Every structure is written in structure tokens, then in C-alpha cells.
Amino acid sequence: MMIRFAILPLILALNFSMCKKNPSAEGSSQPAVSSSPSAGASAGASPGTSAGPPSSPAKISKPVVDQTAQTIIFCYHRLVDKIRYPGTEITPAAFEAEMQQLKDAGITVITMQDLLAWKRGDKNIPPRCAVITFDDGWKSQYEVAWPIMKKFGYPFTMFIYTEGVRGGSLGGGEAITWEQLADMRDNGVDIQAHTATHQDLREGHNIMLAAPGGKRTRTKLTGPQYEQWVHNEVVGSKELLEQRLGIKVNCFAVPFGNYNEHVKELARNAGFEAMFTVYGQPITFTSPLDSLGRYAIEANKPKVFVDAVKMIGTSSGGAAAVAEVGAADLSTQPADGSTVHTALPLIKANLSRVSGIEPASVQMRVSGLGVVPVSYDPKTGTVLYQVTQKLRGDSCTVIVSAKAEGKKVEAHWTFGIDATAAAAAKASPSPTVKK
Ligand SMILES: [Zn+2]
């Protein structure tokens, strides 16, 4: 969704040196074997652990989220009075009018993090929501869009490609600065990743490289050279944002929406919880987190916005009610509120107390992973999943759902992950997990 990159000199030398500097220190930690579901989150539980008080380790303390809610995500680029590139520009007046239309249509603008919390089953959102995002990091997003958003009291997310910010000439004088981003951060704006140099991330596609002197070459990378390059695009850009701004980056917008399974895997392993394209679609509770579509708003296609609003305009419930089952009744493992000392736990629940389960309907969602391939034994009622890809963060929420006697039933629980202990225990031998 960006034309600008074509006219930007790219300082790839910086990328490569950064790549060497940051060989993902935590990537080497081994899975630990000991998962001690010590009852109750320990006193040192981190703020991210949303477990109940230690005295009641197996109590569900979460709201039952509205699974029929829907969200549309908008993607804007540049706000300018004179449109020269309608594909990525919009006038401030048109932008403001659209923000007003959301209000008039009764659509609540929520934060990206609330959207993700809802999808994890952690937080409820209103029935009809929108998330506003701005791509690439243009100065006009700071100077023009932000004041308008403040006027409406709307939160929003910035998707930044880091080379634009760090090289003055790269932004053509119109890129946002680190200082402006820090100002936004301090005022609650969500800042997320959009690669380093904003190019097609798929192996073997045309990209632009820049030599130390600034000379640019159009080329196609494959093999180890490609891997090094794409690592910096996906992981390096995330680390740079996190280090420069002291933030946690968990969202990744893919330039032009061009990616594939390999890129998705890199992003997941880097700790991105959600990935975004530009293929707009309403986001539902079950939309896969690795391809959330956004409506890219272009100056000469006002219908895109109108249609997007219409898409969720008529949603008013309709889905069957969900019966909540207490996690304690399912003898979950790890137990609700417990803390494990491995990033690769075995997740287990026993559904035998729920009668009339349709085996094919049994599903498990794990925060950060989405729907996982569980095994379910109808005889014992055991549903289990061995996590094969390290869980990130200090807590993990699991949602097990199934259809039973024609009704949807589900259970949510959250356990803590003591990553430092997991890393410390790496000396103990454990089976290597193949990725
Ligand atoms: Zn972009």
C-alpha cells in the first residue's frame, strides 16, 4: 500500500549490522521439562498474569465474551489537502467525515489491544466496533490525523516501517520522527511493526537493496541471504521499535499484504500475536489471527469505507447462546491461576462431565497461537494439546469449546508462564521440538 518506497534510498548496511547485533538472545532457550502447576499464581506473578487470587486457583474470573461482536479495521496512510496519490492519501476533511460517520452509525472505536483481548476471551467489546490504523509513519499522521482522533476521543494504532523513521532522507522529509512517536506512545497511542524497509517479504521477489554508500540495487534474494534479509524485516524491525520506544510490539502489518506461510511462521516465532493484511473483512471471534483483513481507505474509492460500515451495520446477535463451564470442573492442566515453568506446556482438559459432546466439534484456542490441533478421546473425554511453539508473554489463556446436546459450551482459563525459570531450567535435558 505504499508507493513511497520506490523513491527512497535504502540503507541496508544498517540493517545487516543490526541483524548481527541482535541475534535474538532468547531464541536459544530450551524448553524446560518441569511444569509445576503450583496452586495459585506466585507472589512474583507478573502483571500480565490475569489469574485469580492464590486462594482460589480454579475459579473462572473472566467475563463471558460476546462472540457475536464484530469489528472492522481501517487502514489509512497520508492525510493531505491536495491529493496526488489517491491510493494512499485522503484529505483531512474526508477523514474527519469518516470518523464522524462511525460515531453516527453507532460503531465504537476500540483499541487494537482490546480487539486482541476479546479474541483471547479476556475482555468483552461492544457488538459493533472499529479499529483505526495508520500505516508507514507519515508526519501528517502525527500533525493532522492525531488531533482529529483526539477530538473524537478515538484510540488508534500506528504501523511503522523503521527505515522511514530512522533515515531523514528516507522519509522524504515527511516521515514521523522517533520523538513524535515517543510523544504518541506517552499519550496512549499503540505503535506496531510494519517491517524495516517496506518491501515484498516473499523469497525470490524483487526487492531493493542499498549499499553503504547509498547506491541502490534491485535484486532477488534467495537462501541464506534472503533469510538474513527477511529476519531483519520481521524480527529486526520489531526489536528496533521495542528498544527505541520501550514498548511491546505484538502486531505486524504486512506490506502490500504480500506474505506466505514462511513469513507467517517467522512472525509468530518473533512473538507477533496478530498479522494484518489489506484485504478488508469484518473480524469475528473466529477470524484467524495471522491474517486479519483491514479496509485500506483510498481517496478515490469512498465506497470502500461505506461498504465496510455496512458490513457490520446489520449484525445484531443471532448466534446461539454459549454455556460457560467452570474450568475446575474440567480438571484443566495447567490449572487456572497456576504458573508453569515451561514455554511449551502440555494443555489438557477433561470434558467427561459434559454430556452429549459432539467429538468433531471439540476445539481449543490458545492465546498467541489461535486454534490448535487438539486430540480428543471421546471415551475418556480428554482433550489435549502439546504446545510445540514457545508461548510468549507471562500468561496464556486457553478456551476449550464444543457442541453438546446442540448447544455450544466452553471453558476459559488462564495460567502464568515463568519464563525466567523456563530459561534457567534449560540445562535439564528435554526432547527437542521440531518446528
Ligand atoms: Zn505500508
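Predicted model: local features only at pLDDT ≥ 70, side-chain atom pairs only at ≥ 80, totals over all residues.
Residues are numbered from 1 along each chain as its sequence is written.

Let me stay with cysteine 396, which is found in strand E21, residues 395–404; strands (E, at least two residues) and helices (H or I, at least four) are DSSP runs, numbered from the N terminus. We call a residue buried if 20 or more other C-beta atoms lie within 10 Å of its own, exposed if 12 or fewer do, and partly exposed in between, with the C-beta atoms placed from the backbone. Cysteine 396 is buried, because 25 other C-beta atoms lie within 10 Å.

Now to the cores. In soluble globular proteins, nonpolar side chains tend to be buried together. A nonpolar core here is a set of buried Ala, Val, Leu, Ile, Met, Phe, Trp, Tyr and Cys residues joined through C-beta atoms within 7 Å. The largest such core has 71 residues, and those with the most contacts inside it are Phe74, Ala130, Ile160, Cys251, Phe252 and Tyr295. Helix H7, residues 223–245, gives the largest share of this core, 6 residues. There is also a second, separate core of 29 residues, which includes Leu344, Val366, Val387 and Ile417. To return to alanine 130, if we do not count residues up to four places away in sequence, it touches Thr71, Ile72, Phe74, Leu102, Ile107 and Val109.

Leu102 brings us to helix H2, where the buried residues are Phe95, Glu98 and Leu102. Seen down the axis of H2, these buried residues fall within an arc of 60°, so they line one face of the helix; the arc is that of the directions from the helix axis to the C-beta atoms. On the other side of H2, Ala93 and Asp104 are exposed. How far should the 13 residues of H2, residues 92–104, span? The expected span is 1.5 Å times one less than the number of residues, and for H2 this comes to 18 Å, which agrees with its end C-alpha atoms being 18 Å apart. Just after H2, glycine 106 takes a positive phi of about 70°.

Helix H9, residues 302–311, has Phe305, Ala308 and Val309 as its buried residues. They cover an arc of only 95° around the axis, which puts them on the same side of H9. On the other side of H9, Lys303 and Lys310 are exposed. The buried residues of H9 pack against strand E1 (70–76), H2 and strand E13 (295–296).

Next, the strands, two of which pair if DSSP finds at least two bridges between them. E8 and E9 pair in the antiparallel sense over 5 bridges, and the bridge partner of asparagine 206 is lysine 220 in E9. Is strand E9, residues 216–220, buried or in the open? Of its 5 residues the number buried is 0, so E9 lies largely in the open. The hairpin of E8 and E9 has 5 residues between the strands, and there glycine 214 takes a positive phi near 100°. Elsewhere, an open sheet of 3 strands has the order E16-E20-E19, with antiparallel pairing. Its edge strands, each pairing on one side only, are E16 (346–350) and E19 (375–377).

I will finish with some backbone details. Threonine 195 has a positive phi of about 75° although it is not a glycine, and its place is in the loop between strand E7 (190–193) and strand E8 (206–210). Threonine 195 is buried, because 25 other C-beta atoms lie within 10 Å. Lastly, a cis peptide bond, with omega about -5°, joins glutamine 333 and proline 334, and proline 334 is found in the loop between strand E14 (322–324) and strand E15 (339–340).

Conventions: Contact = placed C-beta atoms within 7 Å.
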